[in-house]
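Me: I have a structure to go through and a few quick questions. Can you keep the answers plain?

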Amino acid sequence: MAAVTELTVGQVATRSGVAVSALHFYEARGLIRSHRTSGNQRRYGRDVLRRVAIIKVAQEVGISLAEIGEALASLPEGRTPTRGDWNVLSTAWRDQLDRKIAQLKNLRDGLTDCIGCGCMSIDKCPLRNKEDRLSAQGPGARRLLVAR
């Protein structure tokens, strides 16, 4: 019995755990590729299984589809991504994730003064108005207050 070298969209969906509609979406975005048979049916190379796995992992950690597409475009077409390929991709994403984590920690730490306020009108808000000039006039929405 000959080894199967091409997979139907249903087989890829079953083996990867990704819906057929998601595979069509990935293909429309250029993340994966197929070709059509003489009967106009999609066929995928076996390398698509590893590519879909990479897409799923990258999405899980918050990498955008555009960034995933750029990364996958750097890989040779039609070849199953190797451990070395994964190391290159994941190292680049790790640096990006480290920057995002640092940014989120700064955001979280800056929220301390805002919790319980709700209106963001404390005299010095580093999140919403870093150079607040109207705070000298008092709290609240200064531009909306009508002089009485």
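Reply: In strand β3, Arg42 is the bridge partner of Arg36. Strands (E, at least two residues) and helices (H or I, at least four) are DSSP runs numbered from the N terminus. The model is predicted, so local features need pLDDT of at least 70 and side-chain atom pairs 80 or more, while totals for chains, interfaces and linings use all residues. Residues are numbered from 1 along each chain as its sequence is written, and side-chain values use heavy atoms, leaving out hydrogens and water.

Me: What is the order of the strands in the open sheet?

Reply: The order is β1-β3-β2, with antiparallel pairing; two strands pair if DSSP finds at least two bridges between them. β1 (6-7) and β2 (35-36) are at the edges with a single partner strand each, so one side of each has no neighbour in the sheet.

Me: New topic. Is Asp47 buried or exposed?

Reply: Asp47 is buried, at a relative accessible area of 10% (buried is under 20%, exposed over 50%, partly exposed in between, with a 1.4 Å probe and protein chains only).

Me: Where does Asp47 lie, and which residues is Asp47 in contact with, leaving aside neighbours within four places in sequence?

Reply: Asp47 lies in helix α3 (residues 47-60). Leaving aside neighbours within four places in sequence, Asp47 is in contact (heavy atoms within 4.5 Å) with Gly78, Arg79, Thr80 and Pro81.

Me: And Ile32, what does that touch?

Reply: Not counting residues up to four places away in sequence, Ile32 touches Leu23, Tyr26, Glu27, Tyr44, Val48, Arg51, Val52 and Ile55.
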